[in-house]
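Here are my notes on this model. Please read them with the structure open.

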Amino acid sequence: MADGRRGDPRMWRRGLFVAMCAVLLAVVMLVHSHIPNTIGNLGSLIETFLPWLGLLVPVLLLLALVRRSPTALIALLLPSLVWLNLFGGQLSDKTATGGDLTVATHNVNADNPDPVGTARDVAASGADVLALEELTASAVPTYEKALASTYPYHSVEGTVGVWSKYPLTDVRSVDIKLGWTRAMRATVTAPAGQVGVYVAHLPSVRVKMEAGFTARQRDKSADALGEAISHEPLKNVVLLGDLNGTMNDRALNAVTSQMRSTQGAAGNGLGFSWPASFPMARIDQIMVRGAKPESSWTLPQTASDHLPIAARVKVATEG
């Protein structure tokens, strides 16, 4: 008869397993950057899908309610607060008006069945500078023809390219230690000033049962890209591309430590971009140094397996 009455000490012992799971979830999210990558790049794997760990909170909440466990309910405050601390700020709308340069990037997919439609869709974004990744040699003429009326200036290096409404100079490939070209840099002379634009497509990663999160080549290329950007002399720098990694992934520190994500600074929501059919992670990125992000958004789906993304930035005055 005493069980379930207010003040019964036994009710605090109900749901202890659920409570422990809640505490463990909070700890994983809190110390994710310290989870080692020595075994299957576990740390990077968790960081790639870190926002989705929040879905475990309502699952544990349901279990706590079924068990009628006040202990578990109290414990659930921990992962809830940690998740809100990590991602709550991204749920608010931080977009602002203003800016003087609109940029966009899109991994168009080498197997894209409709390159003309894809080119038309991304050009409709109004971007002044457009970066495309995963270009095939056979598809490049199609994109060039489809984008020619909107962008009088363009350059393609390997499998990446940049299209611009403003003149391009000092165009060159960037060595990201792959043996073939998947990164480039160009100076865009916009009305507000010169901007160093980098376009990159870092190597893909895979999740394998026997090897975990295989990302060694991606990590090596990220270090090389970060090194190249660190030597960029222009004050305003924009990085556009498919980095096959999120801003939370410590493997991209060589890049993320010196640049700001436009989505994190001026976006609305988490801005997931891949896979297009059911976006689960933002592996396509727009980052800036010097320039100020004013707004950042995801564009409508094309025939690619990635969503295109765009941002508007304010170019900082030189000097």
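1. Contact here means heavy atoms within 4.5 Å. The model is predicted. On that basis, Val 162 touches Val 129, Leu 130, Ala 131, Tyr 153, His 154, Ser 155, Leu 168, Met 184, Ala 186, Val 197 and Val 199, leaving aside residues up to four places away in sequence.

2. Val 162 also belongs to the largest nonpolar core, which has 24 residues. Val 162 is among those with the most contacts inside this core, along with Leu 101, Val 103, Val 129, Val 197 and Leu 240. Elements giving two or more residues to the core are β1 (101-107), β2 (129-133), β4 (160-164), β6 (183-190), β7 (193-201), β10, β12 and β14 (309-314). Strand β6 supplies the largest share, 4 residues.

3. 6 strands form an open sheet, ordered β5-β6-β7-β10-β12-β11, with mixed pairing. Strands β10 (residues 237-242) and β12 (residues 284-289) pair in the antiparallel sense over 6 bridges. Which residue in β12 is the bridge partner of Leu 240? Ile 286 is that partner.

4. Trp 12, Ile 74, Leu 77, Leu 81 and Leu 84 make a nonpolar patch of about 520 Å². Helix α5 (residues 77-91) gives the most to the patch, with 3 residues. Leu 77 lies in helix α5. Leu 77 counts as exposed because its relative accessibility is 52%, and exposed means over 50%.

Note on methods: Residues numbered from 1 in each chain as written. Predicted model: local features only at pLDDT ≥ 70, side-chain atom pairs only at ≥ 80, totals over all residues. Heavy atoms only, no water. Patch = residues over 30% accessible without salt bridge, like charges linked within 9 Å, V, L, I, M, F, W, Y side chains within 5 Å. Areas by Shrake-Rupley, 256 points an atom, 1.4 Å probe, with all protein chains shown as cover. Salt bridge = Lys/Arg side-chain N within 4 Å of Asp/Glu carboxyl O. Buried < 20%, exposed > 50% of the residue type's maximum accessible area, 1.4 Å probe, protein only. Pairing = 2+ DSSP bridges. Core = buried A, V, L, I, M, F, W, Y, C linked by side-chain atoms within 4.5 Å.
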